[in-house]
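Here is a short briefing on selected local features of a model. Please read it alongside the sequence and the 3D view.

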Amino acid sequence: MLKIKDLHASVDDKEILRGINLEVKAGEVHAIMGPNGSGKSTLASVIAGNERFEVTQGSIELSGEDLEEVSPEERAHKGVFLSFQYPVEIPGVSVTNFMKTAINESRKAKGLEDMPAKDMLKLIREKSELLEIDRKFLSRSLNEGFSGGEKKRNEIFQMAMLEPKIAILDETDSGLDIDALRIVASGVNKLKSKDNAVILITHYQRLLEYIVPDFVHVLHNGKIVKSGGKELALELEEKGYDWLKQETAV
Amino acid sequence: MDLKDKLISSFMAFENNVDVEHPVHDVRMAAIKNFEEKGFPSKKEEAWKYTSLNSLQKIDFSIFPREENTLEYKDVKKYFLHEIDSYKIVFVDGIYSSYLSETTHDGVDICLMSAALTKPMYKPVIDVYFNKVASKDESLTTLNTAFSREGAYIYIPKNKMPKKPIEIIHFATGNEASILLQPRSLVVVEENAEVQIIERHQSLTSNDTLTNAVTEIFAAKSAIVDFYKIQNDAATASLIDNTYVDQKDKSVVNVHTFSFGGKLTRNNLNFYQNGEYIDSTMNGVTILGEKQHVDHYTLVHHMQPNCESHQDYKGIYGDSSIGVFNGKIIVDKIAQKTNAFQKNNNILISDKASINSKPQLEIFADDVKCSHGCTIGQLDEDALFYLQSRGIPKKEARALLMYAFANNVLESVRIPELKTRINKLIAKKLGVNLGFDL
């Protein structure tokens, strides 16, 4: 589904990704772990099409299509979703209205009519129940005054509404207490299917107890330095990341 | 003949049509004398550093309309807040349109300045309030005073509140080649009374129009006044709006200025706090494009202790538009415990757009809280990416961010239908249809 080949990316002429190779197939869950500054969030941003980063080499393909010239909104229409580490506050625009706009823009891009209000309400109800989100919450301004946990839950609610092919969850576990983590993880698990895929970007192994990955990759200095099964996450938790630095130094 | 000479020589013709025996005419004569001495302000004056009236003075404006023009309601309905019931004071080319208006004398007076300036029953109010807070030496204000004859007259007696908001609309039809309008309005809100006013200047023509308006607002003890100025005029319409507010103890006056249109707009908004525990609010949203120019020049004079003033002006400037914000706050020595806050935040969305923002604080008291902040920036790229990553195209994403930026000012609009209408104007101005009413 997602094929990343020798991806190099930089910001302000500083290279951050230095040759990433990664293939994610439908139905799989991949975890990307690594120390701070290793390039995890940059990788997430670049897949979603953030124009702040310049792809200098390599390619990203989604279902066989090269994404190089594809804008962030078109990537979203094609099924890429990024759950942000720091979601943006939009005063004056309710969660509901924001989702209506997002869904209808995506439908418009596919040549479809706006979703009928009745269907939209039904969808919103269904997905908010999945994430145990209060109805009142949906009429609040997007992310404005939300707690850290509410923001993350709202990100996963948006993912549920948009039903992406590939969802990248950037540090979705940070700032979540254990109850919120459980709700978010169970939401993600329910949304998982054989037709979609998930990339979890995380610093800690904690989230992976709830969303079990098929593959774990370790990112360091802009490269995947180690890949393995879910047991690799446990190993990392035990050993920390210091061994990486030694290994790369050698 | 330049515009100043033309105006001065027109004054004699004007005198043929007004009651020169009325005491108000002495006020007019003093005013024309002041204007004759000072003339139009030039960029050499600090207060007009960023706004030039030179090109306007070259236009051959008609000073008085030659004929009475009529408009059909269906053609101008969209300029009214027709979603709700309102009193209406409507002028067409400076002449009162009884057909489009809905005035009242039922417990309150919502009518015409021409009546107030001529009928004896209004004389006690005119004697006390007319030209009492408006400047007697600022040249454009005195120009308006000299020709003052018509405009809105609103008198709300003690403890009263009109049943519905009041709309004041000035239409220019363009049947004259180019026209100069000088409406003069007076709003007196007595003790514990309340009023909501929406004001709009609307040109219906591609001919040049220039409006030099003066509005005096008096808020007595515990009175509440909400005044909304909707400036979304045609690209050939220029406006100099001079508004003077006099407030007594515990009164609350909020003036909102929404500037989306017009060629050149200058808002001189002056608040004088003549009492204690007064609250004055000046909020503005300015969204400009093309070569539009808006200059907000505000003054709050804190003359007594324990008062507050709040200013929040948001500006979004595109194309080659120019914005100016000059906010002057004076706190007299006696005005201890003053809280004066001023914010001016701007976004430039084009390399050619510009904003000049200048706070001016003169504080003579020592126990006060005063703050001012000015920001000029671009749209946040990360926020834009967030919206785009949800499938929202760049143009719509930018519009949502701009809307969010101006939101707190919109939230303070207390007439829900007006808020909806302004949201629609903003969406239109930003060229987007977001699929829901903002």
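B:Lys250 sits in the loop between β11 (237-247) and β12 (252-259) of chain B. Strands here are DSSP runs of E with at least two residues, helices are runs of H or I with at least four, and both are numbered from the N terminus. The model is predicted: local features need pLDDT of at least 70, side-chain atom pairs count only at pLDDT 80 or more, and totals for chains, interfaces and linings use all residues. Residues are numbered from 1 along each chain as its sequence is written, chains are lettered from A and ligands numbered from 1 in the order in which they are written, and side-chain values use heavy atoms, with hydrogens and water left out.

**Positive phi in loops**
- B:Lys250 is not a glycine, yet its phi is positive, near 60°.
- B:Lys250 counts as partly exposed because its relative accessible area is 47%. Buried means under 20%, exposed means over 50%, and partly exposed is in between (1.4 Å probe, protein chains only).
- B:Asp93 is also not a glycine and has a positive phi of about 50°.
- B:Asp93 lies in the loop between β1 (87-92) and β2 (95-96) of chain B.
- The relative accessible area of B:Asp93 is 1%, so B:Asp93 is buried.

**Charged surface patches**
- B:Asp2, B:Asp5, B:Glu36 and B:Glu37 form a negative patch on the surface. Patch residues have over 30% relative accessible area and no salt bridge; like charges are joined within 9 Å, and nonpolar side chains (Val, Leu, Ile, Met, Phe, Trp, Tyr) within 5 Å.
- A salt bridge puts a side-chain nitrogen of Lys or Arg within 4 Å of a carboxyl oxygen of Asp or Glu.
- B:Asp2 lies in the segment before α1 (3-15) of chain B. B:Asp2 has 38% relative accessibility and therefore counts as partly exposed.
- A:Lys118, A:Lys122, A:Arg125 and A:Arg135 make up a positive surface patch.
- Helix α4 (residues 117-130) of chain A gives the most to the positive patch, with 3 residues.
- A:Arg125 is in helix α4 of chain A. A:Arg125 counts as partly exposed because its relative accessibility is 40%.

**A buried strand residue**
- B:Ser203 belongs to strand β8 (residues 194-203) of chain B.
- With 4% relative accessibility, B:Ser203 counts as buried.
- Leaving out residues up to four places away in sequence, B:Ser203 touches B:Ala172, B:Thr209, B:Asp233, B:Ala234 and B:Ala237. Contact means heavy atoms within 4.5 Å.
- B:Ser203 and B:Tyr386 are 183 residues apart along the chain, and their C-alpha atoms are separated by 40 Å.

Methods: Accessible areas come from the Shrake-Rupley method with a 1.4 Å probe; for residues, only the protein chains shown count as cover. Lys and Arg count as positive and Asp and Glu as negative; His and the chain ends are not counted. The place of a charge is taken as NZ of Lys, CZ of Arg, CG of Asp or CD of Glu.
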